[in-house]
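Student: I have a structure open and would like to talk it through with you. Could we go over it in questions and answers?

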Amino acid sequence: MAEDVFKALADPTRRRILDELAERDGQTLFEICTRLVTKHGLGLSRQAISQHLAVLESAGLVHARRQGRYKFHDLNTEPLEHIAARWLKPDRPESTP
């Protein structure tokens, strides 16, 4: 699981998506695309952003929820907390190498 998180975080566009969700959670694909263009000058297609969101979802960093016709994306920090706790609390035995 940690490998998926590191792979997801390796891409700067995905990190910017996470930054935007950290600033304002519960955004639609359209809102994320708009914020990436206006704040960061990223002119990626909606399909490209959607693929990035799929990678983040598979790593557990983003949770998607449907509400009516809309799909909202929420940041999930649990995978990051698990990784950080691995090094911040070395007295606790880790079950995976």
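Tutor: Gladly, and here is a term to begin with: contact means heavy atoms within 4.5 Å. This is a predicted model, where local features need pLDDT of at least 70, side-chain atom pairs count only at pLDDT 80 or more, and totals for chains, interfaces and linings use all residues. Residues are numbered from 1 along each chain as its sequence is written, and side-chain values use heavy atoms, with hydrogens and water left out.

Student: Which residues does R35 touch, not counting residues up to four places away in sequence?
Tutor: R35 is found in helix 3; helices (H or I, at least four residues) and strands (E, at least two) are DSSP runs, numbered from the N terminus. Between R35 and E20 there are 15 residues in sequence and 7.5 Å in space, C-alpha to C-alpha. Beyond its neighbours up to four places away in sequence, R35 touches E20, E23, R24, Q27 and H40.

Student: Is R35 buried or exposed?
Tutor: Buried means under 20% relative accessible area, exposed over 50%, and partly exposed in between (1.4 Å probe, protein chains only). R35 has 16% relative accessibility, so R35 counts as buried.

Student: In what order do the elements of the protein run from the N terminus on?
Tutor: The protein has five helices and two strands. Read from the N terminus on, the order is α-α-α-α-β-β-α.

Student: Which residues of the largest nonpolar core touch the most other members?
Tutor: A nonpolar core is a set of buried Ala, Val, Leu, Ile, Met, Phe, Trp, Tyr and Cys residues joined through side-chain atoms within 4.5 Å. In the largest one there are 16 residues, and those touching the most other members are I17, I32, I49, L53, L56 and L61.

Student: Which helices each supply at least two residues of this core?
Tutor: In soluble globular proteins, nonpolar side chains tend to be buried together. For this core, the helices that each supply at least two residues are helix 1 (2–9), helix 2 (12–23), helix 3 (29–40) and helix 4 (46–58).

Student: What is L56 in contact with, leaving aside its neighbours within four places in sequence?
Tutor: L56 is one of the core residues that touch the most other members. With neighbours within four places in sequence left aside, L56 is in contact with A8, R14, I17, L18, L61 and V62.

Student: Which backbone nitrogen does the side chain of D74 reach?
Tutor: D74 sits in strand 2 (residues 70–75) and is buried, because its relative accessible area is 13%. Apart from residues up to four places away in sequence, D74 touches D25, G26, L61, V62, H63 and R65. At 3.2 Å, its side chain reaches the backbone nitrogen of G26.

Student: What is A64 in contact with, leaving aside its neighbours within four places in sequence?
Tutor: A64 has its place in strand 1 (residues 62–67). Its C-alpha atom is separated by 18 Å from that of L36, 28 residues apart along the chain. Leaving aside neighbours within four places in sequence, A64 is in contact with E57, K71, F72 and H73.

Student: Why does T13 count as buried?
Tutor: T13 lies in helix 2. Leaving aside neighbours within four places in sequence, T13 is in contact with L42, L44, I49 and H52. T13 counts as buried because its relative accessibility is 13%.

Student: How does D4 count: buried, partly exposed or exposed, and at what relative accessibility?
Tutor: The place of D4 is in helix 1, and D4 touches S58 and A59, not counting residues up to four places away in sequence. D4 and G60 are 56 residues apart in sequence and 8.5 Å apart in space, C-alpha to C-alpha. D4 counts as partly exposed, at 40%.

Student: What separates the C-alpha atoms of G41 and W87?
Tutor: G41 lies in the loop between helix 3 and helix 4. At 59% relative accessibility, G41 counts as exposed. G41 and W87 are 46 residues apart along the chain, and their C-alpha atoms are separated by 35 Å.

Student: What share of the residues of the protein count as buried?
Tutor: The C-alpha atoms fill a box of roughly 45 × 30 × 20 Å, taken along the principal axes. Of the 97 residues of the protein, the share that count as buried is 31%.

Definitions and conventions:
A polar contact is a pair of N or O atoms within 3.5 Å; within protein, one must be able to donate a hydrogen and the other to accept it, and residues adjacent in sequence count only if both atoms are side-chain atoms.
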